[in-house]
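Please load the model in a viewer and keep the selection panel at hand.

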Amino acid sequence: MRLHQVPIGQKVKILEFQHRGIFLKLLEMGLLPDTIIEVLGKAPLGDPIYIAVHQTFVALRKSEAQNIVVQIIV
Amino acid sequence: MKLALIGNPNAGKSSLFNQLTGLNQKVANFTGVTVEKKTGTFSLPNQSKAYITDLPGTYSLYPKSADEQVVLDFLLNPQNPEKPDAILVVIDASNLQRNLLLFSEVQSLGFPTILVLNMIDIAQKSGWEIDTQKLAERLQSPVVCTNSRSGEGIEKLKEKILDLEKNQPNIPHTILQTYAPFENILQEIAQKYQLPNTYWANLYLHHYEKLYFLTESDKQFFQKLELKNNFQALPLQTDETLERFRKIEKIIAETTQKHEKAYNPQSITRKIDKILLHPLYGYSSFLMVLLLIFTAIFRWAEIPMEWIEKGTAILQTFFRENLPNHFLTNLWTEGILAGIGSVVTFVPQIALLFGFIAVLEETGYMTRVMIMMDKIMRKFGLNGKSVVPLISGAACAIPAIMATRNIDNPKERLITTLVVPLISCSARLPIYTVMIALVIPDKMLWGFLHYQALALLVMYLLGLLTAMLAAKVLSRFLPFLGNDYFIVEMPTYKMPRWKNVLITIYEKVKTFVFDAGKVIVVISLILWALASYGWGDSLEKAENSIKKSYPTLSEEELAPLISSAKLEASFAGNLGKALEPIIQPLGFDWKIGISLITSFAAREVFVATMSVIYGLGNEGNEQSVRQKMASEINPQTGKPVYSTAVGFSLMVFYAFAMQCMSTFAIVWKETRSWKYPLGQLVFFNLLAYLASYITYTILK
C-alpha cells in the first residue's frame, strides 16, 4: 500500500521508498524505514495530507506520498 | 568570540537568538543571495563580547533550498570573515532523534559545539527523561538545557560559551563507514585545500557545483575526481544519513527514557487542526483572519497615517514661515521633508502587517495557511504563503512585498514580489473613483446592480487576474529552480511570544525606513525639482503673464492660477507636453502627461496634480476636480475630453503601470538588484500602454 491511499486515522509502518530524489529529505524529516506513522488528515482540498511522525507533524503532497510504501498495522 | 546558531526549523532558534541579543541585532543579507542574515552581539559572564550569526533553519548539511545552501557556504568557506569559533546547535529536546542528525554533521566538520536542548520544559512534561551528563559524554560536547520562551538556561549557556573560549575543547573524530572506499581521495582534497578533516573534504566533493567560493578550475578538478572514482552523491548521502541515525539511535537509547505521561503536547494541536484544517471551518476562519489583516492595514492604519501627513504639513509650514525665502528652504520643506514624510507614512501599515504576520508565524498558523492554499497556489507557481502578500497588496504593495520574506522558496518568493504590484492597491482608489464617477452613469443595472460599483469591481478583478496570470508565465520562464516538492513540518500551536513580535515589527520598520527610505527620498527630490523648476526664467514669465491677464483678481484668487501656469512651464510640464504624441493613441493629453510624471511619487498624486493643472490649487477635492474635468471640451471635436474611452483607458493604465516610487524602492531592497524593479517598470508600463491602447481603441 502507498501512503496516499491510507485512510485518515490509520497507523502504518514505513517499508521503503520508491523515488530516490526525495528519499533523503524524508529521512531528514524523521521518516525512516520501520518508523510508525499515523495519517492525521487531509488539507481541505484533499491535498496535501498530514501525518504524525515521532513527536512531529509533517505535511506532504499526495504526489510525494505515493512514493512511500507502507504496511497497515493493527 | 564568534559564534553561529544553527538548528532545525521550529527548534526555537530565533527565540533563543532574541533571548541572547535582545535588540542588539542587525538584519542584512548573505552575500549574493536574498536570504535574511541576522547578526547580533551579547556579553559573556566575564564582560567580553560575543558576536553571533543566526543561520537559516536546516535539517542537514545537504541543502535542498537556497536558504539551506547559505548555511553550507557560511560554514565551509575558508575566507568567511565571520567563520565561527564555535557553533551552538539548537535542538528540540522532545525530538532528539531527528534533531541530532544536524548536530552530528556539524560536529564531523570539526567545529567546537554546544548542544542546546531547547524547549526542555515541554520534553519533560511529555515524559522524556534525558541524562544530560551522559549525553554530553557520549556526544563529547557540552550540553545545556534551555527554555527559550522563558529565558531559562540562557545564563548557563553563556557560561558554557565562556568555558569553550577559555579551554580549547577536544573535538571528536568521526569515522563514517559510508566513505571508507573514498578515504584516499578525501585525503587528497583535504591536503590540496588545507581542510581540517576528511568530512570537510567530503562536503566539498558533494557540493562543489554550488559552493560559490570555488573557482571554475576547482570545479573541474572535483568533476574529474567524481567521474574517475564513480562517486555517486545521492546514494552516498542517504547511506551516510542512515548510518548517522543508527549511531544516534544507540546514543538515545543509552541516555534517555520515555515515561508514559498523560500530557501530550500534540493532542491539543490535533484537536485544533481538526477545526482549522476543516474544509468549511478551515477556509472560513482563514477568510476571517485575512479580513482582519486587511481591515487593519486598510482602515486602522489610516488614522496614524493622517497624523503623519498632518504633522509633515505642520513642519513644512513652520519652516516655510520661519526660514528666509530661499532655494535651500524650498529644498528642505518641499523636497526633503515631503520625501521623509512619504517614507514615514508607510510605517503604520508595515508595523500592523508585520505584527499580524509575526503572530501567525509564532502561533504556527502560517504553516496551516501554506497547507490550505498549496493546491490552488501551486497551479500558478506560487506558494501557499503567497496569499498573505497578495491580499495585503490590495491595501498597499510596500508592506506586501516586504511580507514575501516569509516565503522560504526563493523562486516562489521572487514571483510573488514581482506580481504583487499588479494587485490594485488603495492608492489607485482615488483615480478609480474620480474616473468612474466621471464616465460611468450613476444608474442601476436590472434594478440592483450599480454600474459604478460594477466598474470598480472589474478594475480590481483585472488586477488580480493579471497578477495570477503573470505568476503563471513567470513560473514557466524564470530561469532558476525552486523545490518541486512540498514536505513541511507543522509546528504545534503555541501562544505568540510578544517580545518576538515586537522585535519583528521594530526590525521591519527600521530596515524599511533606512534602506528603501533613502531611495524614496532621492526619487521624491527629483520629482519635486521637475515640478518646481523650469528652463531659465520660464516660471517667472508664466507668473507675470497670469498677473497681467487678470489684473482685477486678488492675490488669493490668483494663487491657484499661478501654480497651474507654473506647473505647465516647469520641467514636468515640458516633459508632459513632450509625452503627448506618445500617449495620444491612449486618448491622453499633455495634462494627463504631467500627472503621469508627478504621480510616479504615488498614484494618488494624480488627483492633486490634476487639481493644480485645472487651477484649483493644491486643496482641490475629488468632487471639484471631477466637475472641472467633466466640463473640459476637446477643441477639435467639440466633445468632452473625458469620454468613457479615455476614462477606462486611464484606469487600465493605472491598474498595470508601475506608477509608484516606493514600490520601486522596496523591490530593489528585497531583491538586492536593480534588474527586477527596472524590469517591472519597463514591463508593467509597456503592458499598461498596450492595454490602454486596446481599451481606448475598442471603446472610442
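Two strands are said to pair if DSSP finds at least two bridges between them; strands (E, at least two residues) and helices (H or I, at least four) are DSSP runs, numbered from the N terminus. The model is predicted, with local features requiring pLDDT of at least 70 and side-chain atom pairs pLDDT 80 or more, whereas totals for chains, interfaces and linings use all residues. Residues are numbered from 1 along each chain as its sequence is written, chains are lettered from A and ligands numbered from 1 in the order in which they are written, and side-chain values use heavy atoms, without hydrogens and water.

Select β4(A) together with strand β12 of chain B, residues 487-490: the two pair in the antiparallel sense over four bridges. Within this pairing, select A:Val58, whose bridge partner in β12(B) is B:Glu489.

Next, display both chains. Here 32 residues of chain A are in contact (heavy atoms within 4.5 Å) with 42 residues of chain B. The buried area, that is, the accessible area (1.4 Å probe) that two parts lose on being put together, summed over both, is about 3,600 Å² between chain A and chain B, and carbon and sulfur atoms give 63% of it.

Now select B:Lys64 and A:Glu28. Their side chains meet in a salt bridge at 3.0 Å, N to O; the term denotes a side-chain nitrogen of Lys or Arg within 4 Å of a carboxyl oxygen of Asp or Glu. Between chain A and chain B, four salt bridges are counted.

Finally, select α1 (20-28), β2 (36-42), β3 (49-53) and β4 (56-60) of chain A, each of which supplies at least two residues of the side that touches chain B. The largest share of that side, nine residues, comes from α1(A).
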